[in-house]
Amino acid sequence: MTTATASRPVGELLREWRDRRRISQLDLAISADISTRHLSFVETGRSSPSRDMVLRLGEHLDVPLRERNQLLLAAGFAPVYGESGLDAPEMTAARDAVRQLLTAHEPYPAVVLDRRWTMVDANASVALLVEGVAPELLDGPVNVLRATLHPDGMAPRIVNLGEWRAHLLGRLRREVAATADLELAELLAELRGYPCDDVVPEVEVPKPGDIVVPLRLRHRGTELTFFSTVATFGTPLDVTLAELSIEAFFPADAHTAEVIRSTPLGTPAG
């Protein structure tokens, strides 16, 4: 659990989150079942919110759990949402569930990410995606976006690099807007600076028959095509669980499925 103290007033933080969510005082007051006058007093510092009020407003503003703890600290209360390591005893059931999902998804790749796109866990099939990636991008905590879009990463193998880059940067941009995470904003700026010779569309416009943005990957003399799904824990009450996501890649065509099923994991290139 975080022990950092907030230096900004809780009212100012709440108003910032309300502005970020583009919700009026009236709409938030109605949703949270409080008076507009009371909400205004809280935001301007004329009234100190109770612990329950901070939690209620954080819930209705869809503030991430980590930032709800910061709201509580700013209001003078102790944080209520724990942050347990995935290897903690109380996380055994969640850890086992994650591992089951990863294993069951083989022979197709799946990866577990935290909110800053750091790889927390992965199944053996992820080796197919990162084949040829520079060792320094895979040393230590692996940032999946960096390993994907860096010119020494997966980027040279991605056939539709411009399209996939636009898709990933769009996801990251939305996450920056939703979380106000400064490290994510810095990551976005870094990734935008990577070279890309392919056309990067500003808007994802589907071609005839398209239903998802595919990842088209050069692999040992052929081309594999994937789409991905993202799973999260429902109603998490722990910061770690709330920030975990599992991205699973599926073959988007019969050729890709056949190639993967016929290539044992760990088979060297060549």
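## Cavity

One cavity of 30 Å³ or more is counted, a cavity being a set of points, on a 1 Å grid over the protein atoms alone, where a 1.4 Å probe fits but cannot get out. Grid points are joined across faces, edges and corners, and a volume is the space filled by probe spheres set on the points. The volume of the largest cavity is about 230 Å³.

This is a predicted model, in which local features need pLDDT of at least 70 and side-chain atom pairs count only at pLDDT 80 or more, while totals for chains, interfaces and linings use all residues. Residues are numbered from 1 along each chain as its sequence is written, and side-chain values use heavy atoms, with hydrogens and water left out.

## Lining

The lining of the largest cavity consists of 19 residues, with Leu129, Val144, Thr148, Met154 and Phe249 nearest its centre; lining residues have an atom within 4 Å of a point. Two or more residues each come from strand E1 (110–113), helices H7 (126–130), H8 (144–149) and H9 (161–179), and strand E5 (245–251). Helices (H or I, at least four residues) and strands (E, at least two) are DSSP runs, numbered from the N terminus. H8 contributes the most, four residues.

By type, the lining has 16 nonpolar residues, one polar and two charged. Ala, Val, Leu, Ile, Met, Phe, Trp, Tyr, Cys and Pro count as nonpolar, Asp, Glu, Lys and Arg as charged, and the others, Gly among them, as polar.

Ser7 lies in the segment before helix H1 (10–21). Ser7 counts as exposed because its relative accessibility is 77% (exposed means over 50% relative accessible area, buried under 20%, partly exposed in between; 1.4 Å probe, protein chains only). Ser7 and Gln70 are 63 residues apart in sequence, with a C-alpha to C-alpha distance of 9.7 Å.

How values were computed
On a 1 Å grid over the protein atoms alone, a cavity is a set of points where a 1.4 Å probe fits but cannot get out, and a pocket is an open set with protein on both sides within 12 Å along at least five of seven lines; lining residues have an atom within 4 Å of a point.
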